[in-house]
Amino acid sequence: MRRPLPKLPSWLPVDGYILALVGTVALAALLPARGPAATVAEGTSTGAVALLFFLYGARLSTHEAMAGLRHWRLHLTVLACTFVLFPVLGLAARGLVPHVLPPALYTGLLFLCLVPSTIQSSIAFTSLARGNVAAAICAGSFSSLVGIVVTPLLAGLVLHGNGGGFSADGLLSIVCQLLVPFTAGQLLRRWIGGFLLRHKKVLGQVDRGSILLVVYTAFSAGMVEGIWHQVSGPRLLCLLGVEAVLLAVMLTATSYGAKRLGFPRADRIAITFAGSKKSLAAGLPMASVLFGAQAGLAVLPLMLFHQMQLMVCAVLAKRFAARAPVAAEPAGTGAGTGSAAAAGSAAGAAVSGARG
């Protein structure tokens with residue numbers, strides 16, 4: 001009889017997948033891929049990125065995301081937070097270089113500010129907080145859909161002087177590894193969507209394994225190039241402090257801003273969680289395409305921010321739920337389709353191990 005895999009204790013406030021990522025980074029530090037092995041790892045990683053975005057496209061319901069446009073004020077607010085306010089704050093942090101953050105870590109922080117919002121964990125926290133789950137579903141889906149195009153474009157605009165941005169080869173890589181597989185997945189969704197739904201657990205492991213491979217390849221290249229000599233322990237602590245301030249500012253801005261704009265309580269909760277979070281699953285493969293050998297340091301701020309946002313939003317969601325009116329239900333307000341009950345069933349799993 002096959003034994004179930006051991007689970008982390010519920011009191012441990014660490015995403016289990018983050019532990020796997022940390023283990024992968026340690027493996028890359030101890031046994032980096034070199035020579036022919038590096039060539040094989042890089043080729044496999046390229047295929048893994050294409051597979052990831054094919055699966056993203058095949059699973060993302062464009063109809064559901066577009067249906068959410070009926071609640072256009074909410075979605076414009078989330079998009080403005082994700083692709084306008086976050087990047088503005090990232091650009092403002094340029095003043096911290098070089099005294100607080102070295103250029104390499106600042107580039108990663110700025111990239112973090114460009115990636116789309118999450119889907120799974122935004123839905124889960126909104127459900128736990130008894131907010132508008134349907135709006136969170138559509139906001140996360142729409143942000144991911146827009147981010148496939150907008151994130152590389154923003155990267156080309158703001159990272160050109162920070163070790164990233166566009167070149168002819170970079171643009172071709174983005175099209176071939178991100179846009180083409182994503183579009184193919186969207187086109188084939190009507191025929192393979194049922195299969196993906198029936199095997200979502202297995203495919204979820206494929207997603208995670210692919211991202212771990214991308215991380216191993218990126219950090220291996222960084223070890224071979226010697227980029228880790230640019231970072232010290234105190235600088236990493238400074239990065240954590242800067243990210244804590246960034247998250248606090250975004251949570252305050254989304255919560256207070258949504259209230260000032262006149263959104264009802266359930267919508268404000270959806271805006272708070274969808275507008276203040278960043279997607280690790282989308283950001284890691286994008287970074288591998290945009291930064292190449294420098295991707296190791298570029299994704300470090302995103303990995304740290306991901307864990308931080310899970311821990312803080314888990315506490316915040318419980319406080320929202322405790323203060324919710326007795327009659328409050330996590331129902332939609334015209335923001336598209338989606339079942340609050342179904343999203344609620346995923347809440348506990350996402351709080352302890354969301355990967356979006």
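This section describes the fold, the helix packing and selected residues of a predicted model.

The protein chain is helical. Its secondary structure comprises 14 helices and zero strands. Along the sequence, the pattern reads α-α-α-α-α-α-α-α-α-α-α-α-α-α. The chain has 356 residues, and buried residues make up 50% of them.

Helix H11 spans residues 265–275. Nine of its 11 residues are buried, so H11 is largely enclosed by the rest of the structure. The buried set runs from Ala266 and Asp267 through Ile269, Ala270, Ile271, Thr272, Phe273 and Ala274 to Gly275. Several helices contribute to the cover over these residues. They include H4 (72–92), H6 (120–128) and H7 (133–158). H10 (233–260) and H13 (295–322) are also among them.

Two of the covering helices, H6 and H13, also pack on each other. Their axes lie 8 Å apart, at an angle of about 30°. An angle under 35 degrees counts as roughly parallel, and H6 and H13 are therefore roughly parallel to each other. On the H6 side, the contact is made by Ser121, Phe125 and Leu128. H13 contributes Leu310, Cys313, Ala314, Ala317, Lys318 and Ala321. By class, this contact has seven nonpolar residues, one polar residue and one charged residue.

H13 also packs on H11. Here the axes are 12 Å apart and the angle is about 175°. That makes H11 roughly antiparallel to H13. Arg265, Ile269, Thr272 and Phe273 are the H11 residues in this contact. They meet Cys313, Leu316, Ala317, Phe320 and Ala321 of H13. The residues of this contact divide into seven nonpolar, one polar and one charged. Cys313, Ala317 and Ala321 of H13 take part in the contact with H6, and these residues also meet H11.

An α-helix has 3.6 residues a turn, so residues three or four places apart point the same way. Such a spacing can be followed in the H6 and H13 residues listed for their contact.

Cysteines were examined next. A disulfide is a covalent bond between the sulfur atoms of two cysteines. The model contains zero disulfides when sulfur atoms must lie within 2.5 Å. Cys81 has a relative accessibility of 9% and counts as buried. Cys176, at 44% relative accessibility, counts as partly exposed.

Two loops carry backbone features of note. Most residues other than glycine have a negative phi, and most peptide bonds are trans. Val97 and Pro98 are joined by a cis peptide bond, with omega about 5°. Pro98 lies in the loop between H4 and H5, the latter spanning 103–112. Arg130 is not a glycine, yet its phi is positive, at about 65°. Arg130 sits in the loop between H6 and H7. With a relative accessible area of 25%, Arg130 is partly exposed.

Beyond its neighbours within four places in sequence, Gly147 is in contact with Phe83, Pro116, Pro152 and Met286. The C-alpha atoms of Gly147 and Leu79 are 9.5 Å apart, across 68 residues of sequence. Val149 also lies in H7. At 44% relative accessibility, Val149 counts as partly exposed. From Val149 to Leu178, the C-alpha distance is 9.1 Å, and the two residues are 29 residues apart in sequence.

Gly292 is placed in the loop between H12 (280–291) and H13. Gly292 has a relative accessible area of 35% and is partly exposed. Its C-alpha atom is separated by 8.2 Å from that of Ala221, 71 residues apart along the chain.

Terms used:
Residues numbered from 1 in each chain as written. Predicted model: local features only at pLDDT ≥ 70, side-chain atom pairs only at ≥ 80, totals over all residues. Heavy atoms only, no water. Helix = DSSP H or I, 4+ residues; strand = E, 2+ residues; numbered from the N terminus. Buried < 20%, exposed > 50% of the residue type's maximum accessible area, 1.4 Å probe, protein only. Contact = heavy atoms within 4.5 Å. Axes fitted to C-alpha atoms, helices over the stretch in contact; angles between N-to-C directions. Parallel < 35°, antiparallel > 145°, perpendicular 65-115°, else oblique. Nonpolar A, V, L, I, M, F, W, Y, C, P; charged D, E, K, R; others polar.
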